[in-house]
Amino acid sequence: MPRIRGWLCLSLILQEDPGIRAVMPSQVQVDLLADPMGVALTRAAQWTTAGFGAGTLELTPLNESLLKDIVKFVESFGTKYPQEAEFVFKESLQWPTTLEPSEFEAGYVVSGTTVKSEENSKDGEPLLFLSGSDIRVSSFGQLSRLLHFAKDKKLKEAQACLEANRDPIMKILGAAAQGIVEKEEDDLTAIRFLDKMKKDENYENNLKTKISLLLQQLDMNLLDSSLKNISLETRLSPASIKNDVDLLKRFSGEGEQTVLESINYTSDFEFANGCRAPPWRQMQGEICYLTVKPHDCDFIYLTCSTAGVFVNGGIESDTEEINYERCSEIYKDLVSILREKSAKFSENISKQQHSFFGTKKKEKKKKRPPVIEAEEIPNLPQTSAVSQKSPSVKRRMVRKLEPSLKWTSSVTPQEKQDSIKESQEEKSLPTTTDKTKSIISTTSTGRSHSLTGKSSIKVEDLISESSSESEEEDEQPDRHQEGQTDLPSEYWQIQKLVKYLKGGNQTATVIALCSMRDFNLSQETCQLAIRDVGGLEVLINLLETDDVKCKIGSLKILKEISHNPQIRRTIVDLGGLPIMVDILDSPDKNLKCLAAETIANVAKFKRARRTVRQHGGIKKLVELLDYAQSKTDPVHHHSMYEIKDVEVARCGALALWSCSKSHANKEAIRKAGGIPRLARLLKSPHQNMLIPVVGTLQECASEEHYRASIKAERIIESLVKNLSSENEVLQEHCAMAIYQCAEDEETRDLVRQHGGLKPLASLLNNTDNKKRLAAVTGAIWKCAISKENVTKFREFRTIETLVGLLTDQPEEVLVNVVGALGECCQEPENRAIIRRCGGIQPLVNLLVGTNQALLVNVTKAVGACAAEPESMTIIDRLDGVRLLWSLLKNPHPDVKASAAWALCPCIENAKDAGEMVRSFVGGLELVVNLLKSENKEVLASVCAAITNIAKDQENLAVITDHGVVPLLSKLANTNNDKLRRHLAEAISRCCMWGRNRIAFGEHKAVAPLVRYLKSKDTDVHRATAQALYQLSEDANNCITMHENGAVKLLLDMVGSPDEVLQEAAAGCIANIRRLALATEKARYS
Amino acid sequence: MFPANRRRMQKLAESLSKTSKHFNKHEIECLIKHFHTLLEETIEKQGTTGIDRNAFRNILHTIFGMTDDMIMDRVFRAFDRDNDGFVNVTEWVAGLCVFLRGSLEEKMKYCFDVYDLNADGFISREEMFHMLKNSLLKQPSEEDPDEGIKDLVDITLKKMDHDHDGKLSFADYEMSVREEALLLEAFGPCLPESKRHLEFEAQVFKDPHDL
């Protein structure tokens, strides 16, 4: 620490004590080390230039308050410590003053431009001497008087004094004091320093000790107040690291879309303070160690410390111990270092941000400040680091008010490659805007959960941290291009080439363009270098020239670099898309291809897709599809031109594929006549053409119109044909398209008629390609909705295969597999198959999952199996009913409803069902309370469950006690036929206990029930008639029924072919009639 | 046209169409006719049988939109195979054959000849410099205005000089062009722009029935 001089006790204490260091931002530490003054003065030292003597203090609010404190201290020094005030400085403080001789009052000898104090030192020198604008002062007494004279110029004087004397303490106490510090800097503490002074002969002077103590006290106070300011800044804490790691973990795993392959702590043990580092490393401020596996490089071993995150020496292979040595720069947080280390990470994480940043761009631009963190660049000159400080502090405060949207936006996958995933993720990931809201609330509750017990300041910190991160991700690459002094050599070469692009004629331009293509344009450094030197503007500008060669060269580059999400955004911002759309009209086929391909790359986010549409791009792209029609007879060999034409059409399809991810574009493609063209291309022999075509169709098949057209254009046939293709990606997209379309019954039949079920079934045998497996199982699921298809599947022994897929598959596959089994189970024969090949156990095991879509399907399948008593025994043995029952507590209504439906056959078929149901503690109360739900499906399912529960007298008694009657009565005024039917059944069951019949009447359930008889649904009629029959056992109910015209309606029902209905209606009428007779009899007797 | 001339022309067209790869007889007749029209338009003194350098440059400029004098000179040299300072009708048809319809190989050969200023079989660093010297906007701030050009030559050599001998052989050039078609006219435009090309053909090869 060569730069330490002067009075540094405090700073040394701070360095010695890791505890204090932990709370101090390293920036302060840097300042401490760099500045020769005391700590407090250091905080004042927001100098505009580094170096000694020449520096000037910046006028920042922080500086000003510190100066004020110092002035106050010095001013009161004379009166508070008269003795010490007389102490003569070892060396006088000298600075240029603005004070005029005339401003000095009594006690000074004024002569012309010079002023001398009457007070003299022992040597006879005046303690204050002013000559011209130069002033020398050598005691605190004089200093305090001077400030007194200076009046409103106090601050200025103090500032001038500090600027001129960057080392005031040394001047006051003398070089000797400093010498000690330098010698003993390793283990010096303030106490020892003072001890030394006391012992030392030279410092026998008590005064001096006192002064130094006083100064120290001042220093302390100042430091405290500065720390208060600084502590508002973000620091890494165990909680924030933990939070980051947890969030990253959620987005890690296999697959293209995740940010990392894995991220793990090296140690599972967590200390009470949240650290995972061993105690002796915690002394260094280290929190924990991480092992990170990004997609694109080897394992990275990271150390998270309070100062930031850095790469450590990794785990020693022989000792299995961590090499704690720092091997990289310190980054300010986990995300920044991972961004730097892994291009894939930064790509995926920003990809996931797109949707958010795309729309918020404009606001963002205004807000984003160039946050340069001094922590990150400790060797940068102080000025640039420090001068940014106070504005950034302020901005942080502002930012704290913003909600953190980073992770919420990241869970909205903008770039959904496959809509099969989309529909599967609906329960776990929000795909629509209204769902985004719900996830925002869940994430925020999740966040506050993890913070329970932590101070509110930390909450603020975390929020500000993540929001600053999200801003930073926008900003970050700029920083690493400009913030670093050692830019890669490519940067300069690219800059030069861009200069030639700007200043060259077409010959030079073409040469520069060709040369630029020799760089690795898939590398982020090069992509961003092109952007940062203004290359994108030039490249886009070249597209507007007349020169075909320049356009081709430029597009070739744009096509490559537009794989980068940031570049895409910039291209759109610079208005590149409309120009490319215009180029689609060019007679040059090369140009058409390149423009379409570039559009395909750029149109990966919403705003870009909209721009393409608004500039008529969709129509032009659809027209490109016409190129592949061979105008000559098919015998004609593939000439050069024809190959080019196919390529044009392929590029057009590629661009349409990208564009088709927006709803409005799907419509535009259809209107532009895209479907027949795509259908025609689907028959093309060119495999690389088929993928984008099927991709587009599959994307568009989410629209009703398309599904109709797909049927009309006989596209299913081609899709089925291509299922047998060699290309796995093509198979995947075909299966996915079938999955989308097979919601429609006719389409399902078409798939079967074209022989599509067999290839689907056989594709199940290859389980390595999970994406394809997910698509294929999805297609099977949807196809299995038709009975004929299920029969076929049974022939192909697909059910057995599906059961085999119930374990060790990713969720997106499981959802489809279970869905397919659920459909198959609708037939008794298949239930037996599933039981025989051991499918029940894995199904029941899946009941404990969390994936909503999966749970809906699993409950459905288990419920279907439970219809068979033998399977039911197995389910009961595996405790499946309890699991189903606990799913009634699931927050998602679909899961609740599905679980309740599944419970019905379980209760119906279980042996000793009543006892089983009673064994679930609180289960009956839970069911009854679900009647308060808002969701019709949940209500209907719960009514059905209650019907089954109520078959047991004892249980019926219990639910009656839980108030089932008023709750059911309250539901009576519904128009939903499904709910009506199950409600009526439940009511008729519940009438069997005590005075429930009367209670229903009291709760006004009877009149609405009568109205059910006007419904068109015969199931409703039957259930209602039965309920009315039960209710009619009570006289008052009979009166109500009669008043509401039930008799006439029931009379019609008596003529129904449905015997149950007949009987119930007749019974009911009989009861009413009997009452009437009894009344009459009573009247006349 | 006099019948004698007409007969002569048909005979010429007959013979030329035997050697011409890319033109049919009708097209050659058109080209011959067009050549005579040009000759009449541009030559003051009658009797010469060819287009001289100035007139040829004029044609390249007005019809094909070329601007670089040096390249136009070189194109003239490429057309004027017998080096007599005039492009006669045979040379005109043969030249246009490559110029308009040449295959990639023919065009590469032609362009290389245009760029090989001293016809030694190599495009040297100096020749490149010469051809590129006007290709950059002069920046007044730069100390050495030729610095950029030199750098551009270096870049070009780095890109195209596959055998690293500091100059481009035809093999180097051919390899580069096959890699990147844009480098065909690496040192200046010496082929017609596609738009002008189409216009020219449309104008000259009018359907015989329209005449």
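**Exercises: a helix pair and a chain interface**

Helix α51 (residues 880-887) and helix α52 (residues 893-909) of chain A pack at about 150°, with axes 8 Å apart. The model is predicted; local features need pLDDT of at least 70, side-chain atom pairs need 80 or more, and totals for chains, interfaces and linings use all residues. Residues are numbered from 1 along each chain as its sequence is written, chains are lettered from A in written order, and side-chain values use heavy atoms, without hydrogens and water.

**Exercise 1.** Describe how α51(A) meets α52(A).

*Solution.* 
- Terms: helices are DSSP runs (H or I, at least four residues). Axes are fitted to C-alpha atoms over the stretch in contact, and angles run from 0 to 180 degrees between N-to-C directions.
- Handedness: α51(A) passes α52(A) in a left-handed crossing (near helix turned anticlockwise from the far one by less than a right angle).
- Contact (heavy atoms within 4.5 Å): α51(A) gives V881(A), L884(A), W885(A) and L887(A). Residues from α52(A) include V895(A), K896(A) and A899(A).
- Class: 10 residues are nonpolar, none polar and one charged (Lys counts as charged; Ala, Val, Leu, Ile, Trp and Cys are among the nonpolar).

**Exercise 2.** How many salt bridges cross the interface of chain A and chain B?

*Solution.* 
- Rule: a Lys or Arg side-chain nitrogen lies within 4 Å of an Asp or Glu carboxyl oxygen.
- Count: the rule finds five.
- Example: K556(A) pairs with E180(B), closest N and O atoms 3.0 Å apart.

Note on methods
Helix = DSSP H or I, 4+ residues; strand = E, 2+ residues; numbered from the N terminus.
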